[in-house]
Amino acid sequence: MSCFFCDGPRVAPVYNVPHRDYFAAPIGTMTMMRGYDGEPTVKVEIDTDTELSISDGTSICGGMTANVTALGHIEHIRYCMFCGKKLVND
């Protein structure tokens, strides 16, 4: 049986936690790739909007919404997190 993540396109959506049984929209992606040494690595990108409060030190002058992308890498992965297939040989 093949896995859509480790045997397929190596990209999976990242979802927010569902709220009160409502469907959660994807908020980013998770991509499996190999590092320079051949070790499997997962890159996680999460896109979100954040509200910024702008003040001059004495009072709040207003607010602004900014789109933010957080990027992280998970290293030393030995098994696929979806199917459990071993990814590295010891």
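The structure is a predicted model, in which local features need pLDDT of at least 70 and side-chain atom pairs count only at pLDDT 80 or more, whereas totals for chains, interfaces and linings use all residues. Residues are numbered from 1 along each chain as its sequence is written, and side-chain values use heavy atoms, with hydrogens and water left out.

## Overall layout

The chain has zero helices and four strands, where helices (H or I, at least four residues) and strands (E, at least two) are DSSP runs numbered from the N terminus. Read along the sequence, these elements give the pattern β-β-β-β. The accessible surface of the chain comes to about 6900 Å², and 55% of that surface belongs to carbon and sulfur atoms; such areas come from the Shrake-Rupley method with a 1.4 Å probe, and for residues only the protein chains shown count as cover. Of the 90 residues in the chain, 21% are buried, a word that stands for under 20% relative accessible area, while exposed stands for over 50% and partly exposed for values in between (1.4 Å probe, protein chains only). Among contacts between residues at least 6 apart in sequence, 34% join residues at least 24 apart, a contact being heavy atoms within 4.5 Å.

## The nonpolar core

Which residues make up the largest nonpolar core? This core has twelve residues, namely Cys 3, Phe 5, Cys 6, Ala 12, Val 14, Met 30, Met 32, Val 42, Val 44, Ile 77, Cys 80 and Leu 87. A nonpolar core is here a set of buried Ala, Val, Leu, Ile, Met, Phe, Trp, Tyr and Cys residues joined through side-chain atoms within 4.5 Å. Strands β1, β2 and β3 (40-55) each supply at least two residues of the core. In soluble globular proteins, nonpolar side chains tend to be buried together.

Not counting residues up to four places away in sequence, Met 32 touches Phe 5, Cys 6, Arg 10, Pro 40, Thr 41, Val 42 and Leu 87. Thr 31 is found in strand β2 (residues 26-34), and Thr 31 counts as buried because its relative accessible area is 18%.

## Cysteines without disulfides

The count of disulfides is zero, a disulfide being a pair of cysteine sulfur atoms within 2.5 Å. Cys 6 is in no disulfide, and its nearest cysteine sulfur, that of Cys 83, is 3.6 Å away; Cys 6 is buried, at 4% relative accessibility. Cys 80 is likewise in no disulfide, with the sulfur of Cys 3 as the nearest cysteine sulfur, 3.8 Å away, and Cys 80 is buried with a relative accessible area of 5%.

## Salt bridges

How many salt bridges are there? The count comes to two, where a salt bridge is a side-chain nitrogen of Lys or Arg within 4 Å of a carboxyl oxygen of Asp or Glu.

| Salt bridge | Closest N to O distance |
|---|---|
| Asp 7 and Lys 85 | 2.8 Å |

Asp 7 forms its salt bridge with Lys 85, and because Asp 7 lies in the segment before β1 and Lys 85 in the segment after β4, the pair ties together parts that are 78 residues apart in sequence. Asp 7 is partly exposed, with a relative accessible area of 39%, and Lys 85 is partly exposed at 40%. In the other pair, Glu 45 is partly exposed at 27% relative accessibility, and Lys 43 is partly exposed at 23%.

## Surface and single residues

Phe 4, Met 81 and Phe 82 make a nonpolar surface patch of about 300 Å². Patches are made of residues with over 30% relative accessible area and no salt bridge, with like charges joined within 9 Å and nonpolar side chains (Val, Leu, Ile, Met, Phe, Trp, Tyr) within 5 Å. Phe 4 is found in the segment before β1 (11-15), and Phe 4 counts as partly exposed because its relative accessibility is 47%.

His 76 lies in the segment after β4 (60-74) and is exposed, with a relative accessible area of 66%. The phi of His 76 is near 60°, a positive value in a residue other than glycine. Most residues other than glycine have a negative phi.

Thr 48 lies in strand β3 and is partly exposed at 41% relative accessibility. Leaving aside neighbours within four places in sequence, Thr 48 is in contact with Ala 66, Asn 67 and Val 68.
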